[in-house]
Amino acid sequence: MKYSDILAANALLQPPPNVTPYDLAVIANVVVTPFKEILEYTLRVAGIPAIVRCGNYDTVAQDCMAMRDAAAVIIIWELANITEGLPYQAALMSQRQQAAVIAKGRREIACALAALRRTPTVIIGRFSTLAYTGNNLTPGAYDHIKDSLNGVLDRCRRPNMTLFNTDQVLSFAGVANCIDWRFFYEAKTPYSQAYYRALAGHLRPLLLSASGRQKKALIVDCDGTLWKGIVGEDGMTGIGLSPQTAEGTIFREAQAIIRALGQAGVIIGLVSKNNSADVDEVFRTHDGMILRERDITIRRIGWQAKADSVREIAAELNIGLDSMVFIDDSSFEIAAMNKINPAVLALQVPERLADYPAMMREVATLFPAGARTAEDKAKTALYRTEKRRQESRASRVDLTDYLTSLKLKIAVARQATGAEERLAQLTQKTNQFNLTTRRYTTGQMRVMLRQRSTRVYAFSARDRFGDYGITGLCIVRVVRGTVAVVDTFLMSCRVIGRQLEYAFMDWIINDLQKHRVRTVRAAYFRTEKNIQVSAFYDGLGFTPTARTAATAEYVIDLRHYVPHCPAYIRCAHD
Amino acid sequence: MIDSLHKVMAAVFGVTADRITDGTSRLNMKVWDSMRHITLILALEDEFALRFEPHEISAMTDTAAISRIIKNKLNAGD
C-alpha cells in the first residue's frame, strides 16, 4: 500500500463522534510526526479507534507530564540525539564525559517515568546503535552508552511499562531502509516511513491487548485454505498437503501457525461448504495434516451461507463479531463476509501462495500478546465444555430446570493476591457484561489489591461439566466509612446467562454490610457492546439518581437490598 | 503523473483532489508546514519510486515546481 493511500484511508477511518477514541501519545527526542497517521491507520484497521498525538521536538519529560492522561504513551528515545552529535562525539569523550551523558539520559528517563506512573500503558523503545555501529566488530564508547542506558530502562521497569526491542524492528525492515539521513540533518526526523510501518506493526499486538480489542477467534475455511484442492472433488489423495511439494509445505506451514494459535488459547473454528464426512476423513486420516480435530473448538461444515455460520458461532461462543478473523481462499466468500458481517475481519488467502504463511504470521499478531494465563491455556477445553452445556440446554425446555441440572457453584475471594494478571486481563478483555468498562493493567491491579480502601472481589465458577476459572470481578472503593462506590462490575462472557451476577452481588453486599457500609453508589457507562447490562442495577432495586443516553448513576440504602441469588447456585467463600 | 501528484498532495494535506491546482503552494495551503513538507516528500518518493536531493526538497514549494522536478527525474531515468 502506497504511503499516500494510507494517509487517504486513515482520514476515512476517523473514529465517529459516538465512539470513545483510544487516546495515544507518541513522545520522542526527535521529530516523529509522520508516525501519527501510520500508527493510527495500523490500529484503526485492526478495530482500535486510535487518535495519536505527537509530542514536541526533544521535550520528552515535559511531554510526558503534559500527556500522562493518555490511555497509552509510546516513548522513542533516539540515542543519536541524547546529546548533539553523540554518535561521532562518543569516541572522543573521556570516561567522565561519557558518564555525564549517561547521567543526563538517566535523569530524563526518571522524570518521564515518574510523570507516567499512573498512565495505564507505557511502551518504550530500547536504545539502539544499529544505524551507526551495526557493522563494527568491537563495541565502542557509543555502544557502552547504549548498554548503560538500556540498563537504566531495565532497572526502572514498572508494571505499566513494556520495553520493545528497537534493534528487532530495525532488522525486520532493514536498517538502511529505516534511517533517512537527509531529514535527520535537515529536520531531526531520522526515520523513514518504512521504519514507522514496521514499528506500528510491531506495537499493534501490545496495543490491541491494552485497549481490549484483541481478536479471540480464528475461523478458517478448508478447501484452498487448509489444503490445496477440493476434497469433495479431488478426494483424499488428490488434495495437496505433501511436505515434498512447495504448495503442500505452504499449507502445512499455515496449519502449524493456526495450531500454535489454538494452543495459545485462540478459538479455532472451521467454516466450510463441504460434506462433513469428507472433512472428518481428512482430519482423521490424512498424514499431511498438522491441525487435528482436537485443535478445533467449533465447526460448521455444510451448505449454508458462511456469513450465517460465522454469526451462529459468535452467538454460540458468546463473542462479538468484531473479535473474529475469517480466512478463505474465495474472493466471493470474503466479499460476502464483508457485506453481511463487516465487523468480522475477512482475509483472503493470497493469490501468490508463497505469501500465505507470511500473511498468517501477520494474522497471528492480531491475537493477545504477552503472558498466557492458566485460563487461556485451558480455553479450547473450556469452550468445548460450553458447547456440551449448550447441547444439554437444547434438550431441556425449562431454563431453570436446565440451570439447576448444571449444579452451578461460585467461590468468591476478596483481595485475591496472586491472581493480579488474570484480574487485569478480565478488565482488558471483557466488553459485554461490563458495567463501567474500566481497563486496568496488572500493576494497577496489584496496587488495588493492597489498598485498604479498595475491595477487589473475584469469583471462580464451576458446574458439573467443568471449571470456568476466575470469571467475575468487582472492585469497590469505600469512600467515607459507610459509603462504597462500585468502580467495576464485570463477568466473562463464558458465564453469562446463568444469573451468577446475582449470587456475586449478594455476596458482595453481605460482605460490605459486615464492614459497616450502609450506602452503595454505582454507575453504568454505555459502550457499543454492553447494552445488555444497561438495566442491571434497576433490576437489583438500585435507585437511579442521574441518567443520560450514555450513563446512569445509582444509589441504594443497603437496608433495602433484596437478595436475588437463584436457589440453584451455591456460593462459597474461597 | 499529474493525477497521481494531485492525489498524493490531497492525501497529505487532507483535502479533496479538486482542491489541488498548479497554483497550490506553501503560501496558500495552510497545513503545508515544515512537518507536512517532510510527509509530502516521503509520500511522493514512495508514489513515484524516486529519491529527492536536499536542494530539490527545498525547491518543491508549489505544485508546478514539484511536477517539474518529478518529470525531470523520471525523464532522466532516475
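This is a predicted model: local features need pLDDT of at least 70, side-chain atom pairs count only at pLDDT 80 or more; totals for chains, interfaces and linings use all residues.

Colleague: Why is the pair A:Asp5 and B:Lys7 called a salt bridge?

Modeller: The N to O distance between the side chains of A:Asp5 and B:Lys7 is 3.3 Å. The cut-off is within 4 Å, between a side-chain nitrogen of Lys or Arg and a carboxyl oxygen of Asp or Glu, so the pair qualifies.

Colleague: What makes A:Asp5 partly exposed?

Modeller: A:Asp5 has 27% relative accessibility. Buried means under 20% and exposed means over 50%, so a value in between is called partly exposed. B:Lys7, at 33%, is also partly exposed.

Colleague: How do you know that B:Arg51 and A:Asp180 join two chains?

Modeller: The side chains of B:Arg51 and A:Asp180 meet in a salt bridge of 4.0 Å, N to O. B:Arg51 lies in the loop between helix H2 (34-48) and helix H3 (54-59) of chain B, and A:Asp180 in the loop between helix H9 (175-178) and helix H10 (181-187) of chain A, so the pair joins two chains.

Colleague: Is A:Asp180 buried or exposed?

Modeller: Buried, because its relative accessibility is 3% and the cut-off is under 20%. B:Arg51, at 46%, is partly exposed. Both residues belong to a network of salt bridges that also includes A:Arg182 and B:Glu45.

Colleague: What makes A:Arg300 and A:Glu316 a link between separate parts of chain A?

Modeller: Their closest N and O atoms are 2.7 Å apart, in a salt bridge. A:Arg300 lies in strand S8 (residues 298-302) and A:Glu316 in helix H15 (residues 306-317), so the pair ties together parts that are 16 residues apart in sequence. A:Arg300 and A:Glu316 are buried.

Colleague: How many salt bridges are there across the interface of chain A and chain B?

Modeller: Five. B:Arg36 also forms a salt bridge with A:Glu37, with closest N and O atoms 2.7 Å apart. Over all chains, the search finds 35 salt bridges.

Colleague: What area is buried between chain A and chain B?

Modeller: About 1600 Å², with 61% given by carbon and sulfur atoms. The contact takes 19 residues from chain A and 18 residues from chain B.

Terms used. Residues are numbered from 1 along each chain as its sequence is written. Chains are lettered from A and ligands numbered from 1 in the order in which they are written. Side-chain values use heavy atoms; hydrogens and water are left out. Buried means under 20% relative accessible area, exposed over 50%, partly exposed in between (1.4 Å probe, protein chains only). Helices (H or I, at least four residues) and strands (E, at least two) are DSSP runs, numbered from the N terminus. Contact means heavy atoms within 4.5 Å. Buried area is the accessible area (1.4 Å probe) that two parts lose on being put together, summed over both.
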